[in-house]
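Have a look at the model below.

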Amino acid sequence: MDILVTGASGNVGSKIVNLLLSHGHNVFAGTRSGSYGQNDNVIPTVVDFEQGIKPERTFDAIFLMRPPHLTDPDIFESFLQPYARSTRIVFLSVMGADTKSYLPHAKIEKKIAEMGFEHVFTRPTYFMENLLTTLWPELDANNRVYLPSGKLKLNWVSVRDVASVSVAALIGQIGERGVLVNAGVYAGFSEVCSTINEIAGTSITYEPASLFGYIWYMRKQGNDWPFIAVMLLLHFLPRLGPAAKPLAASPKLPAHEFETLEDFVRRNKDQFRRLR
C-alpha cells in the first residue's frame, strides 16, 4: 500500500512510519521541511496545512495528525479535498471527541465524515509519554509532578500502542469508525510517581496545585496562555465532570499486548534515572 503519514517526525508519526516499513508498505513521510532523516526506505514529501502544500498523487491511506496550533476544520477540508473518497483516512483524535462537539478534533472528525471518506478516528486516552514531555521540565527541575489535578485518576496509554492501533487502521484491520485506544491502566499521579520511584530508584512526588496557584506558577515559568489552557483541559477540567472510570484495554489486536505503566517505565528507565 502507498500510505502518507503526516506529522511523520513526531512521537506518534515516527513510530507509525517504522511500523509501516516493517510491514513492507510504501511510506511517504509528510513534514513541513520535506526531509526525513537518513532512512532511504522512506519517501519524504512536503506537507504544510497552513500553506496548502500537499503531495499531488494518490494514496491508499493517509494518517492525519492535527498540529496543535491549528483548530480550523476548513484547513483540513482543503488538504483532503483532492483525494479520492476511497482513500482511508486515519485521524489521530482525542478521547471524548465523539461527545464533546466543541473540541477542535470533533470538528475535524465531522468534516472528514461529511466529505465521505472511508475513515477511522483513533481516540487515545492520556499519553504515558506526557511524563517525558510536557511534565518533564518540572520533574527535571524540582523532582515533582505539579498539577491542579487533585485526586484525579486517568486511563493511560503509550504512544507505542497508539501507533500500533493506527497502523492496524491504516491497513484495514479495524472496521470501526471510531476507536478508543486505551491500555487498561487506571491511575492517579501519586500512584504513577510511586511506580517510577520503585522501578527507577527515584524520589519524585506528586504535589497537587490549586487552580490559581498553578496558573500563576506556569506564567511565572514563562509558559504562554494557549499551553496553559491545554494543560488545564487535560488535568483540571476532568475534575468538574463525572469521575473517569477504569477502561479495559482496547481494541484487541492480533499478536499485540498493550504496554503497562510498569513496562513503560522500564523501557524508559534510563531517562527516569536522570531524576535521581
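**Strands, rings and a buried loop residue**

W156 stands opposite V185 in β11. This is a predicted model: local features need pLDDT of at least 70, side-chain atom pairs count only at pLDDT 80 or more, and totals for chains, interfaces and linings use all residues. Residues are numbered from 1 along each chain as its sequence is written, and side-chain values use heavy atoms, with hydrogens and water left out.

Q: In which sense do β9 and β11 pair, parallel or antiparallel?
A: Strands (E, at least two residues) and helices (H or I, at least four) are DSSP runs, numbered from the N terminus. Two strands pair if DSSP finds at least two bridges between them. β9 and β11 have 4 bridges, and their sense is antiparallel.

Q: Which strands stand at the edges of the open sheet?
A: The sheet has 3 strands in the order β7-β9-β11, with mixed pairing. An edge strand here has a single partner, so one side is left without a neighbour in the sheet. That applies to β7 (126–127) and β11 (185–188).

Q: How many aromatic pairs are there?
A: Rings of Phe, Tyr and Trp (its six-membered ring) pair if their centres lie within 6.5 Å. Planes under 30 degrees apart count as stacked, over 60 as edge-to-face and the rest as tilted. By this rule the count is 14.

Q: Why does the pair of F79 and Y83 count as tilted?
A: The ring centres of F79 and Y83 are 6.1 Å apart. Their planes stand at 55°, so the pair is tilted.

Q: How many residues apart are Y146 and Y214?
A: Their rings also form a pair, with centres 6.1 Å apart and planes at 45°, so this pair is tilted. Y146 is in strand β8 (residues 144–147) and Y214 in helix α7 (residues 211–220). The pair links distant parts of the chain, with a separation of 68 residues.

Q: Over the face of which ring does R144 lie at 4.1 Å from the centre?
A: A charge sits over a ring if NZ of Lys or CZ of Arg is within 6 Å of the ring centre and within 35 degrees of the ring normal. R144 lies over Y217 at 5.2 Å. At 4.1 Å, the ring is that of Y146.

Q: Is S158 buried or exposed?
A: S158 lies in the loop between β9 (153–157) and α5 (159–170). Buried means under 20% relative accessible area, exposed over 50%, partly exposed in between (1.4 Å probe, protein chains only). At 0%, S158 is buried.
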